[in-house]
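This report is an introduction for a reader new to the structure. The sequence and the structure are shown first, and a short account of selected regions follows.

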Amino acid sequence: MNIAIVASECAPFAKTGGLADVVGALPRYLAERGADVRVFIPKYDSVDEKKFGLVYQDSLGPFPVRVGGIARTVYIHTAVIPRSTVPVYFIDCREFYHRGTIYTEHWDEDERFILLNKAVIELCQRMQWAPDVFHCNDWQTGLLPVLVKDNYSWDRMFDRTAFLYSIHNIGYQGRFSFDTIAKAELRPEYGRGGLLDHDNSFCMMKGGILFSEVISTVSGTYAQEVLTPEYGSGMQDLLRMRKDDFFGVLNGIDTDEWDPRTDPHIPFHYSADDLAVKRKNTQALLEKTGMTYRPDVPVIGIVSRLVPQKGFDMIAEAIDGLMQLKAQWVILGSGDEEYERLFSAMSRALPQTCWSYIGFNNPLAHLIEAGADMFLMPSRYEPCGLNQMYSLRYGTVPIVRKTGGLADTVHDWHEYQYLGKDGGNGFSFNDANGAALLATVKRAIDSFHLPDEWAAIQRNGMREDCSWQHSAGEYIRLYERAIASRK
Ligand code: ADP
Ligand code: GLC
């Protein structure tokens, strides 16, 4: 089976969030199952050519790709995903991708990803490699099925190519003005009042949803939630229309990259059998922050994009109460200025209680997962979420709001006890407000002071199988379904 995975991010080359982790891990597991899988992403200036051994392919380029009537020159580089033989094709176009950040708010953001879609199609043509499935991800690749089935339909090589469109976050839909139609050279009928009109804007995600054989999102609960007005961000009716072809597949995690027994980013390796070692990482983490280690005080970690999706307004609402708890906070993130300022201010005002690092820092993310006792993720919505799964694996007890993938992976200890069920592995709450959040953090801290109970919660988490093994098989089934229904 030939699978082309197209996305705007892929770890470790280019990452702002979980999409990169998924695109960097899933292909390895598909390849193990015998698929010829290839990944296609832009070559941003942040991609470290030397570190990742990128090779310029002069037999595959340069070639021109037209966007908005202008021919842009595209160069192709390749590398392999670490610990695999999966090739990654990097689409290089200096004007579009050398801008310091992966995403921009520039006027031509639409053009940057129109170029990605067209370049991938034209690269496949040049390689004479016809995917059985184009696996597209998020709005940046929503136009790919539209382009293949319309603009490029003259090329019979794609006649049997099917599409799986995966929604990682319905909050980002790739909405632009109708001028985008001309830039993509799509037929004007798709525009105002047409198929890709969504609430008076041109919507790339709608292309993915309408033109793909199969649609998926990244957890079962989120797949249900997005069918409702509360979570659907306006896409609920469209998804309901396609609900027979719409599935939730829970993300896995890369269990080699995130393994407390071998993680090169942490000073002390440990497993469920020697949990005491974990607290040495706590000491190391606190040393880094300048906070004094206190054996009876739990450390609560946060690693996140600082955006409203992640529930930072609830944290802000409860901040006074949270900071008065007998706990120490280690926060890593970047995003909205309002939240960056809040955490910086807390660290300055309470240097023994709160430490924050504003920025992106992968080694620190690993150290926080290993060193923190608890991990807070009170998301308003969470398609899947990966950090709570990293936390489970690191014996770091997650405290989450019960939504999307968080609801599917974190089982509240007290709720499970009440129901007489084993396997409680964290703490969760329903109501999206500061009071519910504060009460749940307090519950977790109370449990922390009961060592046997705490160790049981940690072990339950470490026992969970969050690997890709199961979900990779689910994706193969979705690919097969897409192929079978290609018209
Ligand atoms: P999302 O994709 O919505 O941001 P996920 O939980 O799926 O949420 O994935 C987030 C990923 O990004 C995780 O791998 C997390 O460790 C990483 N991450 C987020 N913010 C940072 C940061 N500031 N520094 C390092 N890693 C980060
Ligand atoms: C998105 C979601 C996150 C998910 C990730 C990978 O960024 O916000 O919940 O884990 O994609 O699918």
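Does T78 count as buried or exposed? At 13% relative accessibility T78 counts as buried, a term that stands for under 20% relative accessible area, while exposed stands for over 50% and partly exposed for what lies in between (1.4 Å probe, protein chains only). T78 belongs to strand β5, residues 70-80. Helices (H or I, at least four residues) and strands (E, at least two) are DSSP runs, numbered from the N terminus. The side chain of T78 forms a polar contact of 2.7 Å with the side chain of Q57. A polar contact is a pair of N or O atoms within 3.5 Å; within protein, one must be able to donate a hydrogen and the other to accept it, and residues adjacent in sequence count only if both atoms are side-chain atoms.

## Basis of the description

This is a predicted model, in which local features need pLDDT of at least 70 and side-chain atom pairs count only at pLDDT 80 or more, whereas totals for chains, interfaces and linings use all residues. Residues are numbered from 1 along each chain as its sequence is written, chains are lettered from A and ligands numbered from 1 in the order in which they are written, and side-chain values use heavy atoms, with hydrogens and water left out.

Which residues come nearest to ligand 1? They are G18, D21, R305, K310 and G359, out of 21 residues around the ligand; a residue is near a molecule if one of its heavy atoms lies within 4 Å of it. A side-chain N or O atom of D21 is 2.7 Å from an oxygen atom of ligand 1. A polar backbone atom of G359 is 2.7 Å from a nitrogen atom of the ligand, and a backbone N or O atom of L386 lies 2.9 Å from an oxygen atom of ligand 1. On its own, ligand 1 has 560 Å² of accessible area, of which the protein covers 94%; such areas come from the Shrake-Rupley method with a 1.4 Å probe, and for residues only the protein chains shown count as cover.

The elements that give two or more residues to this shell are α1 (18-32), β14 (299-306), β15 (328-335), α15 (362-371) and α16 (387-393). The largest share, three residues, comes from β14. By class, the shell around ligand 1 has seven nonpolar, nine polar and five charged residues. Here Ala, Val, Leu, Ile, Met, Phe, Trp, Tyr, Cys and Pro count as nonpolar, Asp, Glu, Lys and Arg as charged, and the others, Gly among them, as polar. Ligand 1 lies between domain 1 (2-252 + 469-486) and domain 2 (275-465), because both give residues to its shell. The domain bounds come from an automatic or database domain assignment.

## Surroundings of ligand 2

Ligand 2 is surrounded by 14 residues, and the closest are H168, N251, E382, C384 and G385. Oxygen atoms of ligand 2 take part in each of the following pairs. A polar side-chain atom of N251 lies at 2.8 Å, a polar side-chain atom of Q309 at 3.1 Å, and a polar backbone atom of C384 at 3.0 Å. The protein covers 94% of the 310 Å² of accessible area that ligand 2 has on its own.

Helix α1 gives the most to the shell around ligand 2, with three residues. The shell divides into six nonpolar, six polar and two charged residues. Domain 1 and domain 2 both give residues to the shell around ligand 2, so this ligand lies between them.

At the start of α19, a side-chain oxygen of N433 comes to within 3.1 Å of the backbone nitrogen of A435. The buried residues of α19 include L437, L438, V441, I445 and F448.

M462 is placed in helix α20, residues 451-463, and at 15% relative accessibility M462 counts as buried. M462 and R393 are 69 residues apart in sequence, yet 4.6 Å apart in space, C-alpha to C-alpha.

## Backbone features in loops

A cis peptide bond runs from A11 to P12, with omega near 5 degrees, and P12 is found in the loop between β1 (2-6) and α1. Another cis peptide bond joins G61 and P62, with omega about -5 degrees; P62 lies in the loop between β3 (55-56) and β4 (63-67).

Q128, although not a glycine, has a positive phi of about 50 degrees, and at 59% relative accessibility Q128 counts as exposed. D138, also not a glycine, has a positive phi of about 60 degrees, but at 9% relative accessibility D138 counts as buried.
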